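Student: I would like to learn how to read cavities and salt bridges in a model. Please take them one at a time.

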Amino acid sequence: MKKNIFKGLGIALVTPFTSDGEVDYAALRRLVEYHIESGADFFTILATTGETPTLTADERDRITKTVIEVNNGRLPILKGCGGNNTAAIVEEIKTTDWKGIDGILSVCPYYNKPSQAGLYEHFKTIANASDLPVVLYNVPGRTGVNMTAETTVRLATDCENIVAIKEASGKMEQVDRIIQCRPWGFDVLSGDDALTFSMVASGAAGVISVIGNALPKQFSRMIKLEFQGDYEPARRIHHAFTELYSLLFVDGNPAGVKALLSEMGFIENVLRLPLVPTRITTREKMAEILRDLQN
């Protein structure tokens, strides 16, 4: 029977770097503990916000082990495992030690621009290779291809271990269609912080969040209020974030949230090329909003 354990506030965990560009494992440990104490419901590691394309295999392994160790089984962990070579992903699934990981997040193939039939076969092959639950990740702004609601529902129906989708298409009509037609036990997760309020109101089970890296208490409270049917206080929190939503992404992700976390004293404001830190003017605006939100 299909069952999704990834609900509520999921943190799309950043990868902190030291001033000389090395992975800052001490800061990573502090962040994991901070999120657990602040009410996060699960972690997503080694995905877009973690700058995974710029990490070495050894760094990815050590980051995984660090998060598993600090988490110590307290929250579910979803780990990114995707790409545009289906056979290579299957090989990675078969050769990786998945102990301590609770599910796989797999993005639509990028650059190749497969058809809907190709997307279906790609994800079906991955699901058949995995003993863990699989969460699909649809983000056409990055991959160049949108997985339709029909393909998503077909995969959810045909593959018992495909339990959810992180939907970042920005298409509310598509989100609603998936929610209406999905099989029992399959969930939709928001992949866009700015649309999370609307998506949860429509029946989404939560979010894999960028802004949650910096403000987990506030964002978690908004979602929990919606789950309880308390939409007016949840709406007020959502509107308090309105300007921050756009500022976080104006210079690319995770430049914005890393600037916020640096402002809060958690990490150095360092990214790996081709990403660079957000502009000073953007950072100053975010710092001002942060002070208001913290008050």
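Tutor: We take the cavity, then the salt bridges. This is a predicted model, where local features need pLDDT of at least 70 and side-chain atom pairs count only at pLDDT 80 or more, while totals for chains, interfaces and linings use all residues. Residues are numbered from 1 along each chain as its sequence is written, and side-chain values use heavy atoms, with hydrogens and water left out.

Student: How many cavities of 30 Å³ or more does a search of the whole structure find?

Tutor: Rolling a probe the size of a water molecule over the atoms shows where empty space is left. A cavity is a set of points on a 1 Å grid over the protein atoms alone where a 1.4 Å probe fits but cannot get out; lining residues have an atom within 4 Å of a point. Here the search finds one cavity of 30 Å³ or more. The largest cavity has a volume of about 50 Å³, the space filled by probe spheres set on the points. Its lining includes Leu13, Thr15 and Gly50.

Student: Which residue forms a salt bridge with Lys7?

Tutor: Side chains of opposite charge can pair when their charged atoms come close. A salt bridge is a side-chain nitrogen of Lys or Arg within 4 Å of a carboxyl oxygen of Asp or Glu. Lys7 pairs with Asp187, with the closest N and O atoms 2.6 Å apart. The two are 180 residues apart in the chain.

Student: What about Arg182?

Tutor: Arg182 also forms a salt bridge with Asp187, at 3.5 Å between the closest N and O atoms. Shared partners join Lys7, Arg182 and Asp187 into one network.

Note on methods
1 Å grid on protein atoms, 1.4 Å probe; cavity = no way out; pocket = protein on both sides within 12 Å on 5 of 7 lines; lining within 4 Å. Helix = DSSP H or I, 4+ residues; strand = E, 2+ residues; numbered from the N terminus.
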